[in-house]
Amino acid sequence: MSDSAAEVDFELDLTFNPEAPEELHELGRRYWQVDGINAYTNSIEWVYKTADLDYQLWSGSAHYAAAAAVVAASSTFACRTCGGVLTLASRQTLTDARRGQAKDCRACDRVIEVRAAAVLDPKSLAKREQRAEKKRIDDEFRAQKAAEDEARRELTTALEEKRRAAIRARYPGEIERDGGYAMSRASLVAKVGALAAIHAAGKPGGLIHPIRLNDQTLAPNYRTSEDLFLAAWRAGLVLVHPSSATDAFEWDDGDEAALGDGLHVDRARFAAPGEGPLGPRLAAHTEYLRGALRIEHLSSTDRRELELLSRALVAEEAIRYFRYLIRDHSLPDPAEEHEARLRSHAQKIQVKSARGPRVEGISWPLGTKSQGPSRGPQEFFVMVAIPHDLTMPARSFIVPRIHVAAAAWIEHMNWLTEPGIPQGQRNAAVDRARVAMPTFAAYEDRWDLLLDEQESAPVLLPPAYRTLALDPRVGLPPEHEWRHTLPSW
Ligand SMILES: [Zn+2]
C-alpha cells in the first residue's frame, strides 16, 4: 500500500469461474487487486493500471476479460433492481457505488454477462489463439530484426572506426612549422583564399568549416570561390582536420575502409597549418596572412595580381547583383552581351576601402586625384567599409566618380570654412579630404548603377550638399562637370 493510501471501506469477494483458464484467472485477480483508498482524493487505488494488464488477447476491454474470469461481489452495496448483493460489472461500478449511486448487479445488467460469455466462446477462443500465434510470430520477427539491426550497427561502427583511423593517418591535422616556407611559396590568390575562408568559416575554437562555394560567402560566384579556396588548400595554407565527418571523403570502391582521392570541401573541416592548440594557431595564422598581404610586403607582380583580383571580384559582385535584380523582377535571364558589358564596365571600377570599429563611423580618404574631372562615362568608385569585427560583413557603396569628386570637395570645404571657427585653426589642404560613410549611405549596393553611364545616375548625396554646392563659401572643384549645370537632387 502506498503512503497516501488508507484502508479500504468496502467488502470485495472474488469467485473464480471454473470454466476460465488459469491465465484469465490471473488477469481477473490483478484487475480487482486494490491497493487502498487515496487519503487525499478518497478514490480507490488499484495495484495494476488496466493499460498494464494483458487483456487484449481476450477482449477489447479489460473489464469484460475480468468478468469472464471472476465474479467480483461487494456485500457492502445492494443491487438497485433485485436488492441482492452487488456483483460488479467493472471497477467503475464499484467507484460509483462508493459515491452513493444506485447500480445494477451483473445479473440485472445483462450486457456484462453476454460479453463475459463471449470471451469464453470456443469461436472467440479459436480467434484468440490465432491472434496469439500471430503475435508470437510478430514478436519473433521483431526480435530477429532488432538483432540484425544491432549486427549492422556493429559492422557500421567497425567500418567507421577503420575510416577514422585512415583519415587520421592521412590527415594528422598538424604539420611541423616550416619557418614560413609555404607562405613564401604561396600565390597571392592562395593567401587571399585562405584569409577569405577564415573570415567566412573560421570558428573561435580554431576550426574552419563549413566551406560553402555556392552561397557567396567566399566570393561572388562558385568558380571564383572554388579558385580561391583550392589555391589556399593546395598551397598548404589550410589543412584538412581529422575531425572531419567520414562522409566528407571519397572512399575506395574496392576497399570501403580505404580513402579515395576526392574530398567534399563543404563537409570537411579545416585548420591552420602548424602545431599546438587550434584556436591560437588560427589566430596566429590569420595575423601572418594579413601581414603577408600588406601592400608594402607585396612584390610588384603580386600588387598587379591583387589589383586584377579585386577588379575581377568587383565585376563578379556587380554581375551577381545584376542577376539578383533581374530575377527579383521576374525578367528573363540577362543576355550574354549584357553580362559582358557589365563585366567590362566593372573592370574599370576603382575600389577604395577603409576600416573602422563601426561602419557608420568609417570615412574614406579622397585626395585631389579622386576629385579631378572624369576620364570617361563609365568611371565609378566602389567604396568598401570594413568593420574591425571581421565577423560583420563588409559593405559596398557604388558611387559615380562625378559624385565622389563633388562630395569630397563639398565635405572638405564646408569643414574648412565653417563659420565661427577661428582663422587658421583648420588648414588641411583639400588633398587631405575624407568622405564619411553617411554621405554615401544611399549608394549602398547600387550595383545597378554600373549598367549605365555615370551621367545618367541619380544623385543620391544628402540634399544639403546641393545648397552647399551653390554656396560661394563651398562650391565645387575646379573643372567639375556640375559647374555648367547642377543636377537636382
Ligand atoms: Zn440485481
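How many residues does helix α8 have, and what distance does α8 reach from its first C-alpha to its last? In this predicted model, helix α8 spans residues 188-201 and has 14 residues. From the first C-alpha to the last, α8 reaches 20 Å, close to the 20 Å expected at 1.5 Å a residue. The surroundings of this helix come next. Of the 14 residues of α8, 13 are buried, so the helix is largely enclosed by the rest of the structure.

At the level of the whole chain, the domain assignment gives domain 1 (5-120), domain 2 (171-298) and domain 3 (348-489). Between the C-alpha centres of domain 1 and domain 2 the distance is 74 Å.

Turning to the strands, β7, β11 and β8 form an open sheet in that order, with antiparallel pairing. Its edge strands are β7 (207-208) and β8 (239-240), each of which pairs on one side only. The pairing of β8 with strand β11 (residues 270-271) is antiparallel and rests on two bridges. Here Leu239 stands opposite Ala271 in β11.

A further antiparallel pair is made by strand β3 (residues 34-38) and strand β4 (residues 44-46), joined by three bridges. Across this pair, Gly36 stands opposite Glu45 in β4. β3 and β4 form a hairpin with five residues between the strands, and in this hairpin Asn42 takes a positive phi near 60°. As a handy reminder, strands of a sheet pair through backbone hydrogen bonds, either parallel or antiparallel.

Definitions and conventions. Residues numbered from 1 in each chain as written. Predicted model: local features only at pLDDT ≥ 70, side-chain atom pairs only at ≥ 80, totals over all residues. Helix = DSSP H or I, 4+ residues; strand = E, 2+ residues; numbered from the N terminus. Expected span 1.5 Å × (residues − 1). Buried ≥ 20, exposed ≤ 12 C-beta atoms within 10 Å, placed from the backbone. Domains from an automatic or database assignment. Pairing = 2+ DSSP bridges.
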